[in-house]
Amino acid sequence: MSTRKHTALPKARTLIEALPWLTRHHGKTVVIKFGGNAMVDEELKSAFAQDVVFLRHAGLRPVVVHGGGPQINAQLDLLGLESEFKAGLRVTTPEAMNVVRMVLAGQVQRELVGLLNEHGPLAVGMTGEDAHLMTATKHYAEIDGERVDIGRVGEITSIDPGAVHALLDDGRIPVISSIARSSDEEDTAVGASGVFNVNADTAAAALAAALGAETLMVLTDVEGLYEDWPHSDEVISRLTATELEKLLPDLASGMVPKMRGCLHAVRNGVHTARVIDGRVQHSILLEIFTDEGIGTMVVPDSNTIEGAT
């Protein structure tokens with residue numbers, strides 16, 4: 001066998017392995033929450049953009065939802081504003097809300113749209129404010145049984161996915177910043193312009209449910225959900241909604257909004273929700289198009305998807 005044929009054969013086998021997954025997911029909507037190291041490491045950002053464009057050209061309909069914790073922290077520091085967290089959520093004063101909005105919509109989103117559009121006129125940026133995509137009410141944190149005011153932090157009350165459907169039908173890749181409009185028409189808090197900062201994991205899950213997505217994928221800085229952390233680094237590869245619900249009270253605080261999001265998604269029509277390691281280049285493709293998959297997959301209690309991994 002010539003060297004040329006020898007080197008080409010493994011590539012062909014890899015492509016053929018992806019065939020059943022390509023068939024299964026063709027035409028399906030996939031919501032991806034972009035965050036963690038994948039958001040700040042240049043190589044990982046570039047690989048993420050390639051993965052999302054690949055999904056689009058492979059016949060899927062990807063939607064990206066992003067936050068921007070590290071970038072927001074950096075900008076607040078620059079302006080001499082304190083970053084404070086309570087119950088795992090950012091305390092968002094009206095001044096901080098202005099920074100959040102500017103960083104998410106004007107920096108993180110624009111960079112991601114630019115990376116995707118290096119591959120063609122595909123990505124369109126929007127926030128939850130646009131076309132009334134996300135509407136929220138004020139969210140209060142609960143600490144030791146007490147309700148605590150954490151400022152301009154929102155809890156999503158409704159999703160109007162019409163604009164996202166229109167973009168997907170036009171072959172575009174929506175890139176959505178996790179900011180929501182206030183449901184209170186009288187909400188004119190100084191400098192806040194009637195908007196709320198929304199946890200991006202929660203926003204991605206709510207949007208996945210509203211879109212009737214096939215899959216929600218949440219990028220994290222861990223391999224998945226661990227069986228018995230910190231005593232073991234064994235990752236749970238698959239669990240049902242009820243199994244996940246039982247584990248929630250004992251999870252590390254950073255994983256709670258991610259896993260709550262997965263639970264909400266699969267209990268509201270999304271077929272699978274996956275937490276995957278965003279530190280691994282092309283982790284999205286490995287999860288969707290290989291037999292092994294990586295990370296942790298959550299399925300509805302009645303899930304009967306044949307061969308799902």
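Here are some questions and answers about the pockets of this predicted model.

Colleague: Happy to start with the biggest one: what is the volume of the largest pocket?
Modeller: Keep in mind that this is a predicted model. For the largest pocket, the computed volume is about 1,100 Å³.

Colleague: Which residues are closest to the centre of the largest pocket?
Modeller: The lining of the largest pocket is made of 43 residues. By class, 20 of them are nonpolar, 15 polar and eight charged. The closest to the centre are Asp201, Gly254, Met255, Pro257 and Lys258.

Colleague: Nice, and which element gives the largest share of that lining?
Modeller: Elements giving two or more residues to the lining of the largest pocket include strand E1 (29-34), strand E10 (215-220) and helix H8 (256-266). Helix H3 (69-78) is also one of these elements. The largest share is four residues, and the element they come from is H3.

Colleague: Let's move on; what is the volume of the second largest pocket?
Modeller: This pocket is lined by 24 residues, and the closest to its centre are His139, Glu155, Thr202, Pro257 and Arg260. Its lining divides into 13 nonpolar, eight polar and three charged residues. The volume of the second largest pocket is about 690 Å³.

Colleague: Which element gives the most to the lining of the second largest pocket?
Modeller: Strand E6 (134-143), strand E7 (146-159), H6 and H8 each supply at least two residues there. With six residues, the element that gives the most is H8.

How values were computed:
Residues are numbered from 1 along each chain as its sequence is written. This is a predicted model: local features need pLDDT of at least 70, side-chain atom pairs count only at pLDDT 80 or more; totals for chains, interfaces and linings use all residues. Side-chain values use heavy atoms; hydrogens and water are left out. On a 1 Å grid over the protein atoms alone, a cavity is a set of points where a 1.4 Å probe fits but cannot get out, and a pocket is an open set with protein on both sides within 12 Å along at least five of seven lines; lining residues have an atom within 4 Å of a point. Grid points are joined across faces, edges and corners, and a volume is the space filled by probe spheres set on the points. Ala, Val, Leu, Ile, Met, Phe, Trp, Tyr, Cys and Pro count as nonpolar, Asp, Glu, Lys and Arg as charged, and the others, Gly among them, as polar.
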